[in-house]
Amino acid sequence: MTFGPAILASRLAELETQAGKPSRYIVAFSGGLDSSALLHCIVDLKGQFPDQASVPVLAIHVDHGLHDESAAWSTHCAAFAQQRGIEFCALKVDVDAQSGLGLEAAARDARYAALQEELQRGDWLISAHHRDDQAETMLLNLVRGSGPAGIAGIGAVRPLGAGQLVRPLLGIDQAALRDYAKAKSLHWLDDPSNRDRRFDRNFLRHDIVPALQTRWPDIAQRLQRSASHAGEASELLAELGRIDLRAIGGRPRRLDIDGLNGLSLARRKNLIRYALSELGLTTPTTRMLDRVINEVIPARIDAQPHVVWPGGSVRRYRNALYLLPEKHEDCFAASPLSLDELPLGPGMGRLVLQGGADSGLSETLVRSGLVVRQRRGGEEIRPQGQAHTRKLKKLLQEEGVLPWMRDRLPLVFAGERLVAVADLWLAADAAAEPGYELRWIDRPALH
């Protein structure tokens, strides 16, 4: 097998059917063999193929700060790009070694989070993952007990932020990339951590795959075929998940319990995995998913069971299963409310006062100054249209507001007097006609 501009151009053109036309090629550039060959080849093909010449190229190097020479590696990458007239950017990230994910996974997550921030609409983030990487990933996921999606290994295209993550080299062996790099007299970095057998992937790369190759020299191609079959099976499961989700209401964040119970056990599990994927949440382990099936779904209707795993969680409330982040981010601090939009924190939208409404907060109150803060307990309000003052706790229960959202609601105070509960209730003695409407933009689900 060979590698060069014609092969890369053909593969990039094929991937446009999935990823659309690229506005920029952003190359994830570690400075190692694989990404060096990829970046150099992209420069070559732009000179040979007119349709590629108009696509700008940006090389981004991510410095994880995990090695004493990481600053020197950034310098090498900058020089490599500059010599070839390529725009270059270096990003430095902090890796959370105590995340519980393991150092390798934590570094990967930090890297992709940083790269995602750089993507604009239509950008392709191109990585140099190749056929040998695909084989290692498939084996790694097999020993971890992964299902079809994991066995399918690395996908050629997937959405990432505003752009697409594209891997055009999955059909190319690393040996072909090495031959190309040597033929072009390229100099690349060799990260010593790639030889550290404490990492599972390195153990597979240096010990297991070479042993398999002594019996099956084309093991990478064989595993790639299996990954392709698993990918097709995974697509069918996703298609079934879409069908089942539509049948029980079409809301991935809120799954109807009766609808779930109407499915076979296998389809119930598949639907939960599919809905989590749609929400961008991680899939739980088999043990955690079994807890959801056996403890959360059959729980009493007045119970509020909660199962949490890294990257996701499940709660039951009344007759629905709610799929949520692992934990809610800290919400807003007490803040003055004006006619400008007030951000309420990640996933919580924005609050704003809008004048000219038929009914709303009185102008006198608005001019005297309002403050937004979270619930502390014991609040009372006489809602507009009701005769008596009510405990906020009781109102929230009667309204069916999700229990985990009750303490996150933005409460509006005039001094120490509660005059509005988000956009749910307005205090009768704070209302005027006309008045200022309290609008909650991008409000999260409360029911």
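I began with strand 1 (residues 24–28) and strand 4, which pair in the parallel sense over 4 bridges. I count two strands as paired if DSSP finds at least two bridges between them. Helices (H or I, at least four residues) and strands (E, at least two) are DSSP runs, numbered from the N terminus.

The model is predicted: local features need pLDDT of at least 70, side-chain atom pairs count only at pLDDT 80 or more, and totals for chains, interfaces and linings use all residues. I number residues from 1 along each chain as its sequence is written, and side-chain values use heavy atoms, with hydrogens and water left out.

**Strand 4**

I looked up the bridge partner of Val27 in strand 4 and found Ile126. Strand 4 also pairs with strand 6 (residues 163–166), in the parallel sense, over 3 bridges. There, Leu125 has Leu165 of strand 6 as its bridge partner. Next I checked the faces. In a regular strand the side chains alternate between the two faces of the sheet. Strand 4 (residues 123–126) is covered on both: Asp123 and Leu125 are buried on one side, Trp124 and Ile126 on the other. Buried means under 20% relative accessible area, exposed over 50%, and partly exposed in between (1.4 Å probe, protein chains only).

I then traced an open sheet of 5 strands, in the order 11-15-18-19-20, with antiparallel pairing. Strand 11 (335–337) and strand 20 (425–426) are at the edges; each has a single partner strand, so one side of each lacks a neighbour in the sheet. Strand 19 (residues 417–421) runs antiparallel to strand 20, joined by 2 bridges. Val421 has Trp425 of strand 20 as its bridge partner.

**Aromatic pairs**

I found 5 aromatic pairs in the structure. Rings of Phe, Tyr and Trp (its six-membered ring) pair if their centres lie within 6.5 Å; planes under 30 degrees apart count as stacked, over 60 as edge-to-face and the rest as tilted.

Phe3 and Tyr180 have ring centres 5.3 Å apart and planes at 75°, so I logged the pair as edge-to-face. Phe3 lies in the segment before helix 1 (5–19) and Tyr180 in helix 8 (residues 174–183), so the pair ties together parts 177 residues apart in sequence. Both Phe3 and Tyr180 are buried.

Tyr317 and Trp404 are also edge-to-face, at 6.4 Å centre to centre and 80° between the planes. This pair links Tyr317 in strand 9 (residues 312–317) to Trp404 in helix 16, 87 residues apart. Tyr317 counts as buried at 8% relative accessibility. Trp404 counts as buried at 10%. Ring pairs link Tyr317, Tyr322 and Trp404 into a cluster.

**Val296**

Val296 sits in helix 13 (residues 286–296). Leaving out residues up to four places away in sequence, I listed what Val296 touches: Arg291, Pro305, Val307, Val314, Arg315, Arg316 and Leu321. Contact means heavy atoms within 4.5 Å. I also checked Leu8: Val296 is 288 residues from Leu8 in sequence and 49 Å in space, C-alpha to C-alpha.
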